[in-house]
Amino acid sequence: MPDVLTIIMRWLHISSMATLVGGILYARLVMAPAIAALSPESGKALNNRAAAAYRPLVIAAMIGSIMSGIYRILITPGHTVRYHVLLGIKLLLVLHVFAVALVICKPDNPRRTRMMTGVVISGLCIIAISAWLSRIF
Ligand code: HEM
């Protein structure tokens, strides 16, 4: 029988990743252009409401990905130096995504759209590195 905890943790990692990277990708590429068509006051109000509603999801996704990521590291010991170098690069990018995701959820952030562009790029790089990690030891 497959290890139930490992499946749950993999689900948690993928769901957290989808919430964080997918949520910000949608906000940057779909919501931001749509909000830009509104009047400045309405756009600002909608942006702030959306940011406040997204904040608890960001925090949950951060906790979920850290827990499930650490679990994955602990259950698969004995990797090569190349694996650890790539994992290190991934974790630096993860720190960037976490930090910026918290900042963009603050109200009245005039740099929100530009910051989201950076998170989308880092997030897609993280997913690419993770796909690579799953193919090497
Ligand atoms: C923005 C946050 C993160 C994203 C987008 C992300 C994305 C991913 C993806 C897509 C996978 C492949 C999932 C699978 O095939 O099961 C993965 C695997 C993994 N992640 Fe993450 N992750 C994030 C955070 C973290 C954190 C915080 C850690 C460590 C504390 C971590 C450690 C790992 C490990 C060890 C693997 C397994 C790699 C392997 O197959 O050997 N991840 N991650």
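Trainee: How many nonpolar, polar and charged residues are in the lining of the second largest pocket?

Mentor: This is a predicted model, and in it the lining of the second largest pocket has 16 nonpolar, 7 polar and 3 charged residues. Of the 26 residues that line this pocket, the closest to its centre are Ile-35, Asn-47, Arg-112, Thr-113 and Met-116, while α1, α2 and α4 each supply at least two residues of the lining.

Trainee: Which helices supply the lining of the largest pocket, and which of them gives the largest share?

Mentor: At least two lining residues come from each of α1 (4–36), α2 (40–75), α3 (81–104) and α4 (112–133), and the largest share, 9 residues, comes from α2. The space in the largest pocket is about 1000 Å³, and among the 35 residues that line it, His-13, Gly-69, Arg-72, Lys-90 and Ser-130 are the closest to its centre.

Trainee: Which residues coordinate the iron atom of the ligand, and why is the arrangement called octahedral?

Mentor: His-13, through NE2, and Lys-90, through NZ, coordinate the iron atom at 1.8 to 2.0 Å. Six donors count as octahedral if opposite donors are over 155 degrees apart and all others between 65 and 115; here the 6 donor atoms subtend angles of 84 to 180°, which makes the arrangement octahedral. The pair links distant parts of the chain, with His-13 in helix α1 and Lys-90 in helix α3, 77 residues apart.

Trainee: Is Lys-90 buried or exposed?

Mentor: Buried means under 20% relative accessible area, so Lys-90, with a value of 12%, is buried, whereas His-13, with a relative accessible area of 26%, is partly exposed.

Notes: Residues numbered from 1 in each chain as written. Predicted model: local features only at pLDDT ≥ 70, side-chain atom pairs only at ≥ 80, totals over all residues. Heavy atoms only, no water. 1 Å grid on protein atoms, 1.4 Å probe; cavity = no way out; pocket = protein on both sides within 12 Å on 5 of 7 lines; lining within 4 Å. Points joined across faces, edges and corners; volume = space filled by probe spheres on them. Helix = DSSP H or I, 4+ residues; strand = E, 2+ residues; numbered from the N terminus. Nonpolar A, V, L, I, M, F, W, Y, C, P; charged D, E, K, R; others polar. Donors = N, O, S within 2.8 Å, 3.2 Å for Na, K, Ca; no water. Tetrahedral: all angles 85-135°; square planar, octahedral: opposite > 155°, others 65-115°. Buried < 20%, exposed > 50% of the residue type's maximum accessible area, 1.4 Å probe, protein only.
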